[in-house]
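My entries are kept in the order in which I checked things.

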Amino acid sequence: MAGPGLIVEGPDRPAPAAGAPRREAVAAPGEPTGIRAGALLALPLTAGVVFLLLPLVALMARALSDEGVGGFADVLGDDTFLDAGGRTLTLAVVVTAICAVLGTVYALAMVIAPRLLGLVLLGVLLSGFWISLLVRTFGWVLLFQPNGALDQWLRSLGLLDGTLDLLQTTKAMYPAMIHVLLPFFVLPVYAACLRIDTEQLRAGQSLGAGPLLVLRHVVLPHLRPSIVAAASLVFMLSLAFYVTPLLIGGPTQLTIATLIDRQFSQQFDLGSAAVMGLILLFVVLAIYAVVDRFVSLIPGAEARA
Amino acid sequence: MNDRAALRDSLRLALGPAGLAIDVAGVLLGLFLLVPIVIIFPVSLTSDFFLTWPPHLASSRWFEAFFDSAVWTEALMRSIRIAVPVALIATVLGTLSALGLAYARRGRRLLQTLFIAPLVLPIITYALGLYDVAQRFDMTGSALPVILGQAMLATPIVFIVVSAGLAGRDPLLPRAAASLGASAASVLWRIELPLLRVSILAGALIALAYSFDEIIVAYFLSPPGSGTLPVQILGSTRETADPTIAAASMIVIGIATTIAALLALARAFAGRRATA
């Protein structure tokens with residue numbers, strides 16, 4: 001099936017009636033518009049090769065000339081890298097799992113909530129896309145910093161003396177990362193929720209299924225492809241996450257991305273930064289290649305409107 | 001919107017008491033999503049010298065400090081000078097990709113995979129690659145690598161938005177035009193592009209917002225002291241606790257909100273024309 005990921009019903013577009021043929025994004029092959037795809041694609045594909053692929057090839061050349069093939073083995077055996085890699089992987093797994101649970105609930109809430117509440121929930125979610133990642137992370141810094149908002153608030157409730165000292169801990173990264181990544185999970189799942197078949201719901205009910213059975217046998221199976229796609233997207237994004245670990249984790253709680261940054265901007269070691277960056281790239285591309293075979297990643301970005 | 005209401009009602013009915021639990025969880029999660037914004041807003045209006053909580057409200061002095069400071073206003077201007085060409089390049093490339101994919105006869109799945117791939121590309125790796133190329137061409141101080149890099153990263157966003165627009169337009173119109181003798185060029189120029197106008201504008205605005213917010217490429221390729229607004233904010237948070245940062249943050253939010261409002265306006269206007 002060609003391009004299933006491109007047909008996303010936005011929140012303002014009703015889902016096609018069940019059983020109606022899905023309108024394809026294309027003029028059917030052989031239609032005599034005379035438009036040649038090759039002519040249209042020449043510019044974007046050339047730009048992609050020159051400005052996207054070439055820098056990555058150049059980086060590979062740099063890594064091989066500075067560090068050699070052995071450089072990759074050295075980095076993979078390096079304790080700092082393994083420590084950062086372990087932390088990054090743990091963060092990515094936990095953040096993805098939590099986003100999957102909370103995001104599915106949020107997407108369902110957007111559909112079943114009373115009209116006004118549903119609109120508010122959608123607005124709040126989209127504000128996450130529109131308000132700068134950096135600025136939102138900065139909000140978390142102000143919350144967690146010593147004598148910051150959280151400390152003050154807990155103290156005023158009499159629950160705390162002194163300070164929690166959460167900034168520069170791995171713990172504090174979780175809420176901030178979940179906050180940033182949740183919208184990426186929710187939007188594709190929300191789009192799928194809008195396509196739930198009401199006939200199936202009614203059928204399940206008339207056969208006596210309670211809420212849990214309906215969830216397990218009608219709702220979740222319908223959402224499964226979008227949940228898998230969205231979770232993969234969140235997982236890949238969190239592996240390469242940079243701003244939040246930098247501002248909240250700081251120099252003691254390195255992730256792969258902040259370790260690369262340290263090698264590059266403090267140690268001025270472009271060679272080893274390149275090796276680490278390429279290892280990260282290979283891991284993400286391998287995941288993308290596998291995931292892409294089964295589901296189409298539906299990025300939620302277009303629902304920002 | 002009747003479908004939407006019917007779906008809501010039958011889901012509610014089927015989920016029974018679980019529906020209420022989901023509502024409550026949704027509200028709690030919505031509050032969680034608002035936390036950092038609620039924190040940052042009052043701080044930017046603070047009258048204190050340092051970033052503290054609770055802030056003493058009612059002061060616009062940090063906004064004044066922002067606009068009086070050459071460092072901050074130059075960063076803002078630099079952001080604008082970078083974001084506009086980024087949006088233009090990404091819009092052209094993204095629109096061509098979407099149209100090309102729609103008219104491709106073979107390899108569509110592969111093309112789609114390629115066009116979406118930059119969204120999951122580790123940007124930090126790409127930024128290193130751009131830096132490496134910029135260094136080889138002796139262009140590390142130039143804005144050009146930042147513009148090209150951000151444009152490549154924003155292209156898939158435009159591609160997705162325009163593809164959604166292509167899926168929503170009537171595919172018979174271009175064929176009808178062609179059967180009436182329109183050339184390929186005029187089908188594209190006089191049929192497809194006008195039909196996709198709103199999607200293309202939406203893609204361009206989102207690309208513009210993306211560039212204003214993008215930090216990794218801008219940070220890795222900017223010489224110290226001459227970054228875009230987000231780079232300047234990032235640099236300042238690591239060095240000082242100057243509340244101008246919070247004011248700058250509010251300005252970034254203001255820009256994004258303006259772009260979002262323009263987008264909503266364009267959509268509403270197009271919607272009215274479509275139903276008129």
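Predicted model: local features only at pLDDT ≥ 70, side-chain atom pairs only at ≥ 80, totals over all residues.

Residues are numbered from 1 along each chain as its sequence is written, and chains are lettered from A in the order in which they are written.

**Confidence.** I looked up pLDDT (the predictor's confidence in each residue, from 0 to 100) and found a mean of 82 for chain A, with 87% of its residues at 70 or more. Over residues 1-30 of chain A the pLDDT is below 50, although this stretch has 53 contacts in the model beyond near neighbours in sequence; two residues are in contact if their C-beta atoms, placed from the backbone, lie within 7 Å.

**Contact between chains.** I find that chain B brings 100 residues to the contact and chain A 105. On the side of chain B that touches chain A, helix H2 (residues 17-44) of chain B gives the most, with 18 residues; helices here are DSSP runs of H or I, at least four residues, numbered from the N terminus.

**Core.** The largest nonpolar core has 194 residues, of which Leu181(A), Ala127(B) and Ala207(B) touch the most other members. I take such a core as buried Ala, Val, Leu, Ile, Met, Phe, Trp, Tyr and Cys residues joined through C-beta atoms within 7 Å, buried meaning that 20 or more other C-beta atoms lie within 10 Å of a residue's own. Helix H6 (residues 170-193) of chain A gives the most to this core, with 17 residues.

How values were computed. Helix = DSSP H or I, 4+ residues; strand = E, 2+ residues; numbered from the N terminus. Buried ≥ 20, exposed ≤ 12 C-beta atoms within 10 Å, placed from the backbone.
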